[in-house]
Amino acid sequence: ALVKACKPGTPLLLEDGIMEVKVIEKCSETELKVVVTRGGKLKARKGVNVPDVEIDCAALTEKDIEDAEYLLQLDPPVEYICVSFAQKGQDLQELIDIMDR
């Protein structure tokens, strides 16, 4: 979904914005060619942020939904559950609906 949403000129922020690359070419449905605009040492398991681009993927996975349902059945139930990849209000509404069951 990330590659599909990118086009030439799209900036990608790596490791919480410490590093930045810019897409120069979409090579395939799974590969991008980029140029480094702000470099550094990239470590394993760091995040990628694509500002101002809506990525077509669900905010909640099936595992997230199962975990939320489990946490809400505890006695007492949890008071807060966070959505880490919310892009639009509907992403939050999905979790709210689960919590209202």
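In what order do the four strands of the open sheet lie? The order is E3-E2-E1-E4, and the pairing is antiparallel. The model is a predicted one: local features need pLDDT of at least 70, side-chain atom pairs count only at pLDDT 80 or more, and totals for chains, interfaces and linings use all residues. Residues are numbered from 1 along each chain as its sequence is written, and side-chain values use heavy atoms, with hydrogens and water left out.

Strands (E, at least two residues) and helices (H or I, at least four) are DSSP runs, numbered from the N terminus. Two strands count as paired if DSSP finds at least two bridges between them. Strand E3 (32–38) and strand E4 (48–49) form the edges of the sheet, each pairing on one side only. Strand E2 (residues 19–26) runs antiparallel to E3 and is joined to E3 by six bridges. Within this pair, Val-23 has Val-34 of E3 as its bridge partner.

The largest nonpolar core holds eight residues: Cys-6, Leu-12, Leu-14, Met-19, Val-21, Val-23, Val-50 and Ile-55. Such a core is a set of buried Ala, Val, Leu, Ile, Met, Phe, Trp, Tyr and Cys residues joined through side-chain atoms within 4.5 Å. Buried means under 20% relative accessible area, exposed over 50%, and partly exposed in between (1.4 Å probe, protein chains only). Strand E1 (11–14) and E2 are the elements that give two or more residues to this core. E2 supplies the largest share, three residues. A second, separate core has seven residues, including Leu-60, Ile-65, Val-83 and Leu-95.

Val-21 has contacts (heavy atoms within 4.5 Å). Neighbours within four places in sequence aside, its partners include Leu-12, Leu-14, Val-34 and Val-36.

Helix H2 (residues 62–73) and helix H3 (residues 89–99) have axes that come within 10 Å and cross at roughly 35°. Axes are lines fitted to C-alpha atoms, for helices over the stretch in contact, and angles run from 0 to 180 degrees between N-to-C directions. H2 contributes Ile-65, Ala-68, Glu-69 and Leu-72 to the contact, and H3 contributes Glu-94, Leu-95, Ile-98 and Met-99.

Glu-79 lies in the loop between H2 and H3. Is this residue, Glu-79, buried or exposed? Glu-79 is exposed, because its relative accessible area is 68%. Its C-alpha atom is separated by 29 Å from that of Asp-56, 23 residues apart along the chain.
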